[in-house]
Amino acid sequence: MNENKEEMTFEESLKTLEQLVNELENGNLDLDEALERYERAIVLRDRCKKILDECDRKVQKMIETSEGMKKEDFTDD
Amino acid sequence: MAETVTVTQLNTRVRSVLSECRAVNDIWVAGEMSNLKKYPSGHYYFTLKDNSSEIRGVMFKQSRARIDFEPQDNMKVTAFGRVDLYVERGSYQFVVETMQRSGVGDLYLAYDALKRKLESEGLFDSSRKRSLPRYPRVIGVVTSPTGAVIHDIITTSRRRFPADILLYPAQVQGDGAAESIVRGIKALNREKVDVLIVGRGGGSIEDLWAFNEEMVARAIAASEVPVISAVGHETDFTIADLVADVRAPTPTGAAELALRDRTELIKHLDTDMIRLNRSLSNILKRMHYRFGILESKLTPRRAEQKILMHSIRLDELYSRMNSALSDRIETMRRRFIRIDSNMDIHVRTMIGNGKKDLLRYSERLESVNPMRVLDRGYTLMTDAEGKPLTSSRQISAGSEINIILKDGRAEAEVRKVEMRK
């Protein structure tokens, strides 16, 4: 699976993380393999946390213009 | 000679004629309400009219309990009552005992007919219901930009898994509402949102009517994106609710269905980390055990090589563990001091133990290094192929042997062999 940090969605990251945890728990890994998976797991965990901590999510609305549909920020007061 | 009466007598007689005339008593009259005035007394005064005529009407407070809706101007009604004359003014009016809203019955019939039709097409089948994406990146919302619906969705989403919200400001009641909702569903499908919420606040059956229109039902059914309906009413289902993949009772409920709880997800991640650390610690224990076995299998001949290899490997593992764990812990500690303080202690203790164990192992491995004994004046002898000599039986006069010293080696030839008894 593509593990490029910025490309992976939360779901993919979480799924891969789970897979790594399972491998570490069940697999017959040697220390090298275990550490490699551990490192990857930590990176994925950090990425998931980062997504969860994002608070600047966009709220936008669609508007009809002469050039078609556009988006603009929406504030709800 | 014609009788002469007073105005009052005349009006009183007309009143009495009217009250005895069955044609204008206990009848239903259909018309539209206008000029409705609600008095503090609780009586309602209004005008009932059709295309060409009108009549004044009154509904007294005690009759109002018989109706289950609030009359409004322009409302089409069918009123039951009698004609009465107001003697003082000589005007007559319709005294309403009870009334029904016209057209509502028609709406229910239309609702039932459409429901049966779509049901027979299988549009409500549970097999058609799609599951919602677990972690949507963008939620599309088709609703009024001013109502409580969008407000509730935005407020709720702040506590949940973070997602962008894209609103299509739709008209949700009145003429053109259905068309507007359909345009919204299509537009947000083109925007490739991950999930759609279509809804409005509660209201009368007419207010909600757009959500019972066939074109809205078909647009929901045709949506590529899973749809959550949130038409604000707890009991009655609109057709939109029946076609939608999931029905939410309220806009807040819709946002909660679309987005998972943030705190739960963080807990989940923390559990994963505990599992990770526990299994890494188990693997370290197993490695130690394996070193133990290995050590017992070491033969003097290959010991040097083995030990060298293992000590390099231990160094390597040691530095990898340091960089993999310590750096990581440092970063994690800085970033998530509050959430992870317990876990950090756990990991650091584990690494501390790991380091101690590794040190002990390298000492133990070092102690079996055969080269160490050479320091004390012993030598190691091998045959010409480098096979260690441990018995005088392995050599005889004339054999070529190698002698390994602490800091070098020598080749020699055996002159004589004596075996010890």
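This is a predicted model: local features need pLDDT of at least 70, side-chain atom pairs count only at pLDDT 80 or more; totals for chains, interfaces and linings use all residues.
Reader: What makes the 68 residues a nonpolar core?
Author: A nonpolar core is a set of buried residues of the nonpolar kinds listed for it, joined through C-beta atoms within 7 Å. The largest such set here has 68 residues, and those touching the most other members are B:I181, B:L196, B:I197, B:V216, B:I220, B:I228 and B:A240. Helix α2 (residues 31-53) of chain A gives this core its largest share, 7 residues.

Reader: What makes the 5 strands of chain B a barrel?
Author: They close up in the order β1-β2-β3-β5-β4, with mixed pairing. On average, neighbouring strands of this sheet are turned by 50° against each other, direction ignored.

Reader: How do you know that β2 and β3 of chain B pair?
Author: Pairing takes at least two bridges found by DSSP. Strand β2 (residues 44-49) and strand β3 (residues 54-59) of chain B have 6 bridges, in the antiparallel sense, so they count as paired. Within this pair, B:L48 stands opposite B:I55.

Reader: Which helix lies across β4 and β5 of chain B?
Author: That is helix α1 (residues 7-20) of chain B, which lies across β4 (76-86) and β5 (91-101) and runs at about 140° to β4(B).

Reader: How do you know that β1(A) pairs with a strand of chain B?
Author: The same test applies: at least two bridges are needed. β1(A) has 3 bridges to strand β7 (residues 164-169) of chain B, so the two are paired, and they run parallel. One residue to look at is A:Q60, whose bridge partner in β7(B) is B:L166.

Reader: How many residues of each chain are in contact with the other chain?
Author: 33 residues of chain A are in contact with 33 residues of chain B. On the chain A side, α1 (10-26), α2, β1 (59-65) and β2 (68-73) each supply at least two residues. The largest share, 12 residues, comes from α2(A).

Reader: What classes of residue make up that side of chain A?
Author: There are 19 nonpolar, 2 polar and 12 charged residues.

Conventions
Residues are numbered from 1 along each chain as its sequence is written. Chains are lettered from A and ligands numbered from 1 in the order in which they are written. A residue is buried if 20 or more other C-beta atoms lie within 10 Å of its own, exposed if 12 or fewer, and partly exposed in between; C-beta atoms are placed from the backbone. Helices (H or I, at least four residues) and strands (E, at least two) are DSSP runs, numbered from the N terminus. Axes are lines fitted to C-alpha atoms, for helices over the stretch in contact, and angles run from 0 to 180 degrees between N-to-C directions. Two residues are in contact if their C-beta atoms, placed from the backbone, lie within 7 Å. Ala, Val, Leu, Ile, Met, Phe, Trp, Tyr, Cys and Pro count as nonpolar, Asp, Glu, Lys and Arg as charged, and the others, Gly among them, as polar.
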